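Visitor: I have this one open on my screen and would like to talk it through. Could you walk me around it, beginning with a local detail and widening out from there?

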Amino acid sequence: MGMRLFDTMTRSLREVETNEPGHVKIYTCGPTVYARAHIGNFRTFVFEDVLRRWLERRFDKVTHVMNLTDVDDRLIKNATEHGVTLDEETAPWIAGFFEDVDALGIRRAHHYPQATQYIDQMLDLIDKLEEKGAAYRSEGSVYFRLSAFPQYGRLSGAHARELSTGASGRIDADDYDKEDVRDFALWKNVGPEEIGWDTRLGRGHPGWHIECSAMSMTLLGEQIDIHCGGVDNIFPHHENEIAQSEAATGKPFVKLWAHSEHLRIGGDKMAKRLGNYFTLHEILEKTDVRPSAVRYLLAATVKYNKVLNYSDDSLHMATENVDKLVAFNDRITALATTGAASEEISDGIAAASTAFAEALDDDLNLPEAMGAVFTALRDINRVLDTLDAVDAATQLQLQGFIATVDDVLGILDLVKRERSAPLAEDDERLLGERQAARDARDFATSDRLRDELASRGIAVEDTAQGQRWKRA
């Protein structure tokens, strides 16, 4: 059996299958760039990164597309109020998004299409829908006719025949928080002084949903293997994507839908509209939390499709697990290789590798996979405690095992970066005060400052050449 994922459409575990042999085409809904994405958003983006990393180990080729929504009603309103163009309004938020992507070690998608660059493709798709009777014009705008797509509601369970109120109840605002399955806008008419595009449909701008269908079809073809997003996207966005895409092509749009659950804080969903959110930038700037711990928290403490609570306790647990993995990696890197082979270690690696792969193949269960890894690390550490050295082949086997795990987990490069980062101003000050205390032979103060530095993740060692420090 191959890799299986929970498919939102069928509400069952399904094997990942591809339209093109050996080539997985995956589309993930990216941010709307009207503000800095918060870590609730990044729970989804980290899940998608872990999925892509494992797919790359299971298939010959993966093509990953993530869109950037750089036009919607909010963005137009903000740009108008600020007296700038859409590009000027979105540029800093796009830059901030990629800064956070890199800070969390997320592999860059192969394509990041921006909606404003695909207006022609959206117009072509709207033309197809009009030709098929699935779209109509009203007062300069174009709307999707839900009555032309009776299968509407399969993904979310919201059925058009029960909830549709006809053309008079159209959605005019691209608002992520609205949940309304009535006829939705494909193209919105705007006045001559408003931000928009002059097209054969008249002056206007695209609706939210048409953007993803046009961009995914352009870059991945009319049928996608895997489409991901957060559960917030299921309705109405992904439901509307299905309707307009399948109405236009007559083909199944997506083979498998995978959605990540909410990140919660204090029992509530983390969301900008609730004001209970943090951005990664704020967390890293204002606290001593490490990016590696945030990534571990989002990726591996709770399975991607279960609710995750963000708290000091969950961050502490994530930090401890990162430290365990790093300590083991440091230990095997420093191993002497003048000893003999260890069958016990080899058997432990083989068993853990199998368990790791089986857990990831079974709906990307990274927490279970890491449980198998940490059990193996505990047992191997016990064996290493009895040995002075191993042979070179055993060391390579150990290093290969950790490299495989981290190729999916994505932690060690972040730790390497954290260790090489310059010290914070407060840490520099404490080191200076400690050196002054030692010079004055005030060893009580020196010891107290060493303990304080250790609590901040800075290990200090006294040598004949003076004190030396490293990140713990």
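This is a predicted model: local features need pLDDT of at least 70, side-chain atom pairs count only at pLDDT 80 or more; totals for chains, interfaces and linings use all residues.

Visitor: How many bridges pair β5 and β6, and in which sense?

Guide: Strand β5, residues 135-138, and strand β6, residues 141-144, are paired over 4 bridges in the antiparallel sense. Within that pairing, Arg137 has Val142 of β6 as its bridge partner, while Tyr136 stands opposite Tyr143 in β6.

Visitor: And what is the order of the strands in the sheet?

Guide: The sheet is open and consists of 5 strands in the order β5-β6-β7-β9-β8, with antiparallel pairing. Its edge strands are β5 and β8 (197-199), each of which pairs on one side only. Ignoring direction, neighbouring strands of this sheet are turned against each other by 40° on average.

Visitor: Let me pick a residue in there. Is Leu186 buried or exposed?

Guide: Leu186, which is found in strand β7 (residues 185-189), counts as buried because its relative accessibility is 0%, and the cut-off for buried is under 20%.

Visitor: What does Leu186 touch, leaving out residues up to four places away in sequence?

Guide: With those residues not counted, Leu186 touches Ile126, Leu129, Ala135, Val142, Tyr143, Phe144, Pro206, Gly207, Ile210 and Gln244.

Visitor: Switching to helices: how do α9 and α12 cross?

Guide: The axes of helix α9 (residues 291-300) and helix α12 (residues 366-384) come within 8 Å, and they cross at roughly 115°. The residues that meet there are Tyr296, Ala299 and Ala300 from α9 and Leu366, Pro367, Met370 and Phe374 from α12. By class, this contact of α9 with α12 has 7 nonpolar residues, no polar ones and no charged ones.

Visitor: Which residues of the largest nonpolar core touch the most other members?

Guide: That core has 83 residues, and those touching the most other members are Leu51, Leu55, Phe356, Leu364, Leu366 and Met370. Helix α12 gives the most to this core, with 10 residues. Apart from it lies another core, of 46 residues, and Leu75, Ile126, Trp187 and Ile210 are among them.

Visitor: Now a loop, please. Where is Ser342?

Guide: Ser342 is in the loop between α10 (312-333) and α11 (343-361). Ser342 is buried, because its relative accessible area of 10% falls under 20%.

Visitor: And what does the side chain of Ser342 reach?

Guide: The Ser342 side chain reaches the backbone nitrogen of Ile345 at 3.1 Å. Not counting residues up to four places away in sequence, Ser342 also touches Val383 and Thr394.

Visitor: Zooming out, how many helices and strands are there in the protein?

Guide: The protein has 16 helices and 16 strands, and its C-alpha trace spans about 85 × 55 × 35 Å along the principal axes. Of its 472 residues, 52% are buried. Among contacts between residues at least 6 apart in sequence, 75% join residues at least 24 apart.

Conventions:
Residues are numbered from 1 along each chain as its sequence is written. Side-chain values use heavy atoms; hydrogens and water are left out. Axes are lines fitted to C-alpha atoms, for helices over the stretch in contact, and angles run from 0 to 180 degrees between N-to-C directions. Helices (H or I, at least four residues) and strands (E, at least two) are DSSP runs, numbered from the N terminus. Contact means heavy atoms within 4.5 Å. Ala, Val, Leu, Ile, Met, Phe, Trp, Tyr, Cys and Pro count as nonpolar, Asp, Glu, Lys and Arg as charged, and the others, Gly among them, as polar. Buried means under 20% relative accessible area, exposed over 50%, partly exposed in between (1.4 Å probe, protein chains only). A polar contact is a pair of N or O atoms within 3.5 Å; within protein, one must be able to donate a hydrogen and the other to accept it, and residues adjacent in sequence count only if both atoms are side-chain atoms. A nonpolar core is a set of buried Ala, Val, Leu, Ile, Met, Phe, Trp, Tyr and Cys residues joined through side-chain atoms within 4.5 Å. Two strands pair if DSSP finds at least two bridges between them.
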